[in-house]
Amino acid sequence: MENQARMIKSSDGNKLAIVNPNAAGIDIADAEMQVCVPEDRDGDNNRRFGSFTKDLNTIVEWLIGCNITTVAMEATGIYYLSLFLKLQDAGIEVLLANPADVKNMSGKKTDAADAEWLMVLHRYGLLRPCYQPGNAARQIRNLTRQRSNLIRMADKEVLYMQKAMEQMNIKLSTVLSDITGLSGRRIITAILQGQRNIYELAALAEPNCKASQEDIALSLEGTWDVDLLFMLKQSLAAYDFFLSQVGECDMEIERLLSLYGAQIEAGSAELIRCKRKNKRSKNAPRMDIENFAYQLWGVNVFEIPGLKDTAVMHLIGELGHDFVDKFGSAEKFSSWCNLTPNNKISGGKILSSKIMKRKNPVGQIFRTAVAPLARDKGEMGNYYRRIKSRSGALQANVATAHKMAKIFYTMVKTKTSYNASKVGLGERELAERKIAKLECLLMKLKNVS
């Protein structure tokens, strides 16, 4: 949205200019839509419509007949989406506004008043648009979010399995780090098949288990209640079902990623793969996310410490291939991610600088990716630990995620590789600083004595 508010000079002083003369406002609800256009377009300029597909088509036809070229609406749940897509298909520009940013004028609150107020604010360019990826990226975003929901449901079934075994006093989860791993699955499957000899069950564990077979056997001595075994069986079946759903979701995401790359005519430059230090996590997607991300953004973002398959896959869906064109700078991008302090200043003093209490999906991805960096030996890990020693773990997580978001934006914007020297000090520089600080302190103590 390029049309922003501006002042014009008139005979009786400065006034706000109308920058979007062909603007309309729509108040969104589940069952009805309130649409307001300028008064000179129609005698009945503030109308109420239903929310069925027929009503949405009528809204589009009416707006086109009124020569409306841009529309403002609030991003209310998912109720706006169907009309949003229809308006875009009709060539009408749609501005999605954050409901928290739209303050209605004083007086009785009605749907008609809300729609008119949205129209007025949009005509004068006083609304900030919410970022929305393209339709191709939106499809991937829907499936990546669905995939996360399936994994959460699968994890919940693991808890139910642990609960059923705990009630039978089977302590398998205390000797195995993951009861759904190879050893745990073999043992649980044998239990459900009727095996009750604890030593034969313990022999099914992999030789590389940290716990001894004797400890595993002792943990498997339980009561074998019929009702709890039935619960364990159903939870295991539900866990397997959700994992199969995740696999189907991965195949559909891979298909959409291939179509997306073909749609934007991705470049054919050869990918230089990043060396992986750690193995893939259990729930990581089984597709070549590194290659897909390189096709979309033209740079290998896997070089950034902490960014792995799942995080990058979600970033593709949440941002799309052209997100750098929608944000003017890395700071604006990180601010949108809710990773910058919300400074409140009055009288020249900072009253508060806390992060706003809102969850941005992209910001959450970066904050989750930062968590393992506490043990990283590189520059990003040094930065995290330095902030943590000064301000605590929470501030270190946000500050490092902020730095990661800026690096990510800059790499995609400028098509440059990751440069660790831009992150912060290395181990050698940090050690030299500590030595210099301690030497200075020692000299002070000598002078005092």
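Me: In this predicted model, which helix holds His314, and why is His314 called buried?
Reply: His314 belongs to helix α11, which covers residues 309–319. The relative accessible area of His314 is 11%, and buried means under 20%; therefore His314 counts as buried.

Me: What does His314 touch beyond residues up to four places away in sequence?
Reply: The residues touched by His314 are Thr144, Arg145, Ser148 and Ile365.

Me: Why are Cys249 and Cys440 placed in their accessibility classes?
Reply: Cys249 has a relative accessible area of 7%, and the limit for buried is under 20%, so Cys249 is buried. Cys440 stands at 42% relative accessibility.

Me: How many disulfides does the structure hold?
Reply: The structure holds 0 disulfides; a disulfide would require a pair of cysteine sulfur atoms within 2.5 Å.

Me: What makes up the largest nonpolar core, and which element gives the most to this core?
Reply: The largest nonpolar core has 55 residues, and Trp297, Leu307, Phe323, Phe333, Phe366 and Phe408 are those with the most contacts inside it. Elements giving two or more residues to this core include α4 (135–167), α9 (226–263), α11 and α15 (393–414). The most comes from α15, with 10 residues.

Me: Which residues are in contact with Trp297, leaving aside its neighbours within four places in sequence?
Reply: Trp297 is in contact with Val312, Leu315, Ile316, Gly320, His321, Phe323, Phe408, Val412 and Lys415. Another core, of 32 residues, lies apart from the largest one; Met161, Ile198, Leu220 and Phe242 are among its residues.

Terms used
Residues numbered from 1 in each chain as written. Predicted model: local features only at pLDDT ≥ 70, side-chain atom pairs only at ≥ 80, totals over all residues. Heavy atoms only, no water. Helix = DSSP H or I, 4+ residues; strand = E, 2+ residues; numbered from the N terminus. Buried < 20%, exposed > 50% of the residue type's maximum accessible area, 1.4 Å probe, protein only. Contact = heavy atoms within 4.5 Å. Core = buried A, V, L, I, M, F, W, Y, C linked by side-chain atoms within 4.5 Å.
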